[in-house]
Amino acid sequence: MGDQKQGKSKNILLLAGAFFVPALVLLIVYARFGMFPFGEKSVLIMDMSDQYVNFFAGLRDIVLGKDSLLYSWKMGFGGNFIGVFAYYISSPFSVITFFFPKSMLPTALMVLNIVKIGLCGLSFSIFLKFLFKKNNWSVVVFSTLYALMAYNIAYSMSLMWLDGVIWLPILMIGIEKLIRSGQKALFITVLSIMFISNYYISYMVGIFCLIYFVYRFCVIRFEKQEKPNFPRRLVDFLISAVAAAGISSWLIVPTFFSLLKGKIGGYNYAPDRILNFDFYKIFSKMFVGNYDTITNDGLPNIYCGIIVVILFIAFFFVKSVSGKEKILTLSVLALFLISFYVNYIDMAWHIFQYPNWFPYRYSFLFSFFAIMIAYKAFLKLKEIHVLAFVGATSVILIALYMFSKQVYQPKPHIQNTLVIILCILYLICLVVTKFNKKLYKFVLPLMIGLVMFETYSSSYDIVKGLDRNFIYKTNESYVSFKEDIDPVVQKAKQAEDGFYRIEKNFERSKNDAIAFGYNGITNYSSAYDRNTNMFLKSLGFAQTYLWSSYFGSTVLTDSLFDVKYVMSKTPLSSHYEKTMDHDGVTLYKNPSAMPLAFMVDKGLLAVDTPSENYLFNQNRLLQGMTGSYDRYFNQ
């Protein structure tokens, strides 16, 4: 009874360590970098600043009954909000942001990031414990590497994708149970949650599920642990996948139709090339200090620890692993490398859409597989000849020297030195563990310390690189902007009854209407409506692909589109009536704003071929509406 209680306590302690160790490392990174409340910076950068923080503010309004999940007037001309919800904020972990006021949303998103990184470590530790039946601190070592892999840090600004990383290990447990005993419940449940959390990443995970299913089925057969029937289990797998899709269809189906109006229904740019990069460069991503860029020029983010590289190579020297399993493992590795390398296969992973920056969004699946194989090798250290470790380390050091000449030319030499030191220390830890079991309990804490230091160094380098390229916004810039215009927005929203739009000729982001809860025109998201965007562009509004803007408006468009109030930091024409001043922001009223719906001449139906001249288009629009041939704009 005492041993059972002690084992349970140790299990809880290990799971807690798997969560808190990576979470603590990321917190230290943010603190050193000066993220609020430790400094002036915030996690708001790029899309996190322009989109996500505003969508979470909008989600709060939906929960409070101030807006609708199905349709919102706060995005573009108004549209189906379900696409935005499903792509960005449908994660069950979004509830964490509800505990923070709108003014503290940047801090809420930092906390959400840290929690999700911790959950990545926790879920992977559960997977390792289930698959390998181990209950010691080595689980925490490899869980930390999974949680703080380069993918998670570089793409943490797209924090909705982290849900895929969190649920992936649990989903793989579901596949293990399905293969071994035909149990479908866990696989169906977790896959359903994944579809709801983020359907986009779930598509990539779904492809990997099939790869993992085939891989693990074969490995189990090779090891002769069990002899499951492949056709039967494959049918179980496919039925389970269909069932999960059906359970989540209430969200996926309307989202699909929403996306047909925009991203997946229109023209998709794709580069005219077969290969994505010079193949040898991908090996540079094995090392600390590997950040290059998150634009489409970037390489796959596959870094997940130097010890993983050492052990992955050493795996092929494990005596008890059959040659068939080694060949199969190499085949999965090759499949990923080819996917990264060949443009058309890479696009297939991205739902046949060329990604708009953030390339190789499925690269976390490679890291998952690599760490799993490395851990298996770690558990079989006694079967690996010491020369295999030395050889693996030598390969890394030689590669490091080569890439320091080719790829790492601009990088500080201290990073190369760091990799060499870590290689040597990991090698010592592995050799000691192999030959002296008594020292194992002393080596594990050292390995945890090394992994914490290594992942901290890598994470800080990536955060610093992101800031260098795109700049993390200050917390004050978000708070002060809200304080400056919130009173003006409230004045405009409460000025009159009925429907009308509010806009401004300055912005913090193109989703300010969603953030502040007013009916606007400006909008930016992957769930855009291309017809709305192109219509606005034809009338002279600033617009491109994913976003539309109020910039380019005229008195005519303001009046036709019911823009009754305009916030401005510069004087507007005498047509507008000044109604309020607040901290440099003036609220103007448009006295000629039309209602939401009004009668027009049937000649408007003939206005269907917009010219590239937006003044001509505005003339034609008004002529069609009035049934006249008057010229309202002279060019």
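Predicted model: local features only at pLDDT ≥ 70, side-chain atom pairs only at ≥ 80, totals over all residues.
Let me begin with G58, which lies in helix α2, residues 47–63, where helices are DSSP runs of H or I with at least four residues, strands are runs of E with at least two, and both are numbered from the N terminus. G58 counts as buried because its relative accessibility is 4%, the cut-offs being under 20% for buried, over 50% for exposed and partly exposed in between, with a 1.4 Å probe and protein chains only. From G58 to H350 there are 292 residues in sequence and 27 Å in space, C-alpha to C-alpha.

Residues are numbered from 1 along each chain as its sequence is written, and side-chain values use heavy atoms, with hydrogens and water left out.

Now to the helix pairs. The axes of α4 (residues 105–132) and α7 (residues 162–181) come within 7 Å and cross at roughly 15 degrees, which makes α4 roughly parallel to α7; here axes are lines fitted to C-alpha atoms, for helices over the stretch in contact, with angles from 0 to 180 degrees between N-to-C directions, and roughly parallel means under 35 degrees, roughly antiparallel over 145, roughly perpendicular 65 to 115, and oblique the rest. Contact, meaning heavy atoms within 4.5 Å, involves residues including I117, F124 and F127 in α4 and I166, I170 and I173 in α7. By class, this contact of α4 with α7 has 15 nonpolar, two polar and five charged residues, where Ala, Val, Leu, Ile, Met, Phe, Trp, Tyr, Cys and Pro count as nonpolar, Asp, Glu, Lys and Arg as charged, and the others, Gly among them, as polar.

For α8 (residues 185–197) and α9 (residues 199–223), the axes come within 6 Å and cross at roughly 145 degrees. F187, M194, F195 and S197 of α8 make the contact with Y199, S202, V205 and C209 of α9, and these residues divide into six nonpolar, two polar and no charged.

Finally, the sheet: it is open, with four strands in the order β1-β5-β7-β6 and mixed pairing, where two strands pair if DSSP finds at least two bridges between them. β1 (501–504) and β6 (577–582) are the edge strands, each pairing on one side only, and the twist averages 20 degrees from one strand to the next. Helix α19 (residues 475–494) packs on this sheet, touching β1, β5, β6 and β7 (585–589), and its direction makes about 145 degrees with that of β6.
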